[in-house]
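Here are a few friendly notes to read alongside the structure. Take them one at a time and find each part as you go.

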Amino acid sequence: MERIDPELVEILVCPDTKENVELAPVELIKKINLAIKEQQIRNLEDQPVEEPLQDGLIRDDGVIIYPVRDCIPVMLIGEGIPMKQFD
C-alpha cells in the first residue's frame, strides 16, 4: 500500500480545531475498512462512509480521522470520521 508523503503530513492540521494530525497505523486503517465494508461507519455529516480508506490522518487528540484517497488527504470537516464509533 502506497502511503501519503510524511513531509506533507507534517504541515497538515485539522481544519476544525487546527490540531496536528499524524499518519494512522496500518492496523487501524484495516479495522476501519472492515467496519466500512460492514456498512457501520458514518462521517461527521452523518453520511455512511462507503469507500475504503487508502490511508488516514488522525487528529492528535484521537477523536477524528480524515481519509486519504489516492495519496490525497481529504481534509474537509464533514468527511472526518469520529473515532468513537470504534470504542
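1. A definition to start with: two strands count as paired if DSSP finds at least two bridges between them. Strand β3 (residues 64-69) and strand β4 (residues 72-73) meet that with 2 bridges, in the antiparallel sense. Please keep in mind that this is a predicted model.

2. Stay with this hairpin for a moment. Between β3 and β4 there are 2 residues, and Asp70 has a positive phi near 55°. Val68 has Pro73 as its bridge partner in β4.

3. Now look at strand β2 (residues 55-59), which pairs with β3 in the antiparallel sense over 4 bridges. Asp55 is bridged to Val68 of β3. These two strands also form a hairpin, with 4 residues between them, and Gly62 in the turn has a positive phi of about 75°.

4. Strand β5 (residues 81-82) is another antiparallel partner of β3, with 2 bridges.

5. Are the residues of β3 buried or exposed? In this strand, 6 of 6 residues are buried. In a regular strand, side chains alternate between the two faces of the sheet. One side of β3 carries Ile64, Tyr66 and Val68, the other Ile65, Pro67 and Arg69, and both are covered.

6. Finally, the cores. The largest nonpolar core has 14 residues, and Ile65, Ile81 and Phe86 are among those touching the most other members. Helix α2 (residues 26-37) gives the most to this core, 5 residues. A second, separate core of 10 residues includes Ile64 and Tyr66.

How values were computed
Residues numbered from 1 in each chain as written. Predicted model: local features only at pLDDT ≥ 70, side-chain atom pairs only at ≥ 80, totals over all residues. Heavy atoms only, no water. Core = buried A, V, L, I, M, F, W, Y, C linked by side-chain atoms within 4.5 Å. Buried < 20%, exposed > 50% of the residue type's maximum accessible area, 1.4 Å probe, protein only.
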